[in-house]
Amino acid sequence: MLEAWNFSHSTFVFRGFPALQEHRRLLALPFTASYLSVLLGNSLLLYVICSVESLHSPMYLLICMLCVIDILVVTAIIPNMLLGLLFDWDETSLAGCLTQMFFTHFLSSLESTLLLVMALDRYVAICHPLRYTEIVDSSLFMKLLLFTLLRSGSIMGTLVGLADSLRFCSSNLIQHCYCDHMALVSLACDSTEKNTAAGLAVIICFVGVDIPLIFFSYMKILSAVLRATAPDEDRWKAFHTCGTHLIIMMCFYLVGSVTFLSHNLNIPIPTDVNTFMGLMYILFPATVNPIIYGVRTKEIRNGFFRIFKLRVQTAMTVKVAPAGKRQM
């Protein structure tokens, strides 16, 4: 009896799409395409911003940080998931599971804080343009970076620490394709009240604080732009831009909150649907952010075309020069 009481699983198996097990290899195709598009889109945006000197400003630095976070958080999940779908390598140790859990939730929380900082940056730039350089400087960036790392690191470290203290003596099948917090905690034999409370605290800390501030910033931005612009086209452009940003952010927060709280609040969501939502709240923003903040931004588009034209001119010069020598 004592051995049974002290027993706890040290390895776990992911079962993210139980109803689609026969077609799991086909599932790898869209997720591989999504992963490649995330890598390509965010890497290209990083390259353009780093290469064009005129883009070395606070706003574009924040976009660079968003690109890095998107690449890292998707990389923390998708490669392991693809190995499971293609080669049935879906087993993980408890330590590996907790490590993936920490980095997945840590990076997602960093993205939440970064979206808030970007909204506040645009608010200061548009509503207080004369004081922008005075308010937004390197000192502020360092303070924000320290605050972001401390907030996300301490909260997610506590979350993972509470999960590590549990015993898992019944099933070792994680009904997800990566180590989601409550998907693992739901397998525990011990009381999970502290874990449930910690999960709710995460939602309150990030969704309850960040969303209202982001929404307030964009409403102020939209109000300032609408007062300053007379032509209908400019007003529609401002409304469309702010609306698009808010829709993408709300998708990130809403879907992430539902998946995070589904176990806490006993929301009856099918495993396949919950797994898909858990992937989409990470994959979707990482895929569309390069379009929203890159392709749709005039300065970045111009920077890309400038680099492209320079590359073409350089290639043409290299090809034409030898031919010219032979003619001489």
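**Disulfides and a positive phi in a predicted model**

When the bonded cysteines of the chain are numbered in sequence order, they pair as 1-3 and 2-4. The structure holds two disulfides, a disulfide being a pair of cysteine sulfur atoms within 2.5 Å. This is a predicted model, in which local features need pLDDT of at least 70 and side-chain atom pairs count only at pLDDT 80 or more, while totals for chains, interfaces and linings use all residues. Residues are numbered from 1 along each chain as its sequence is written, and side-chain values use heavy atoms, with hydrogens and water left out.

**Cys 97 and Cys 179**
- A disulfide joins Cys 97 to Cys 179, with an S to S distance of 1.7 Å.
- This pair links distant parts of the chain, 82 residues apart: Cys 97 is in helix H5 (residues 94-127) and Cys 179 in the loop between strand E3 (173-174) and helix H8 (181-185).
- Helices (H or I, at least four residues) and strands (E, at least two) are DSSP runs, numbered from the N terminus.
- The torsion about the S-S bond of Cys 97 and Cys 179 is about 70 degrees, so this disulfide is right-handed.
- Cys 97 is buried, at 0% relative accessibility.
- Buried means under 20% relative accessible area, exposed over 50%, and partly exposed in between (1.4 Å probe, protein chains only).

**Cys 169 and Cys 189**
- The sulfur atoms of Cys 169 and Cys 189 are 1.8 Å apart and form a disulfide.
- Its torsion of about -140 degrees makes this disulfide left-handed.
- Cys 169 is partly exposed, with a relative accessible area of 30%.

**Asp 88**
- Asp 88 has a positive phi of about 60 degrees although it is not a glycine.
- Asp 88 is found in the loop between helix H4 (78-87) and strand E2 (91-93).
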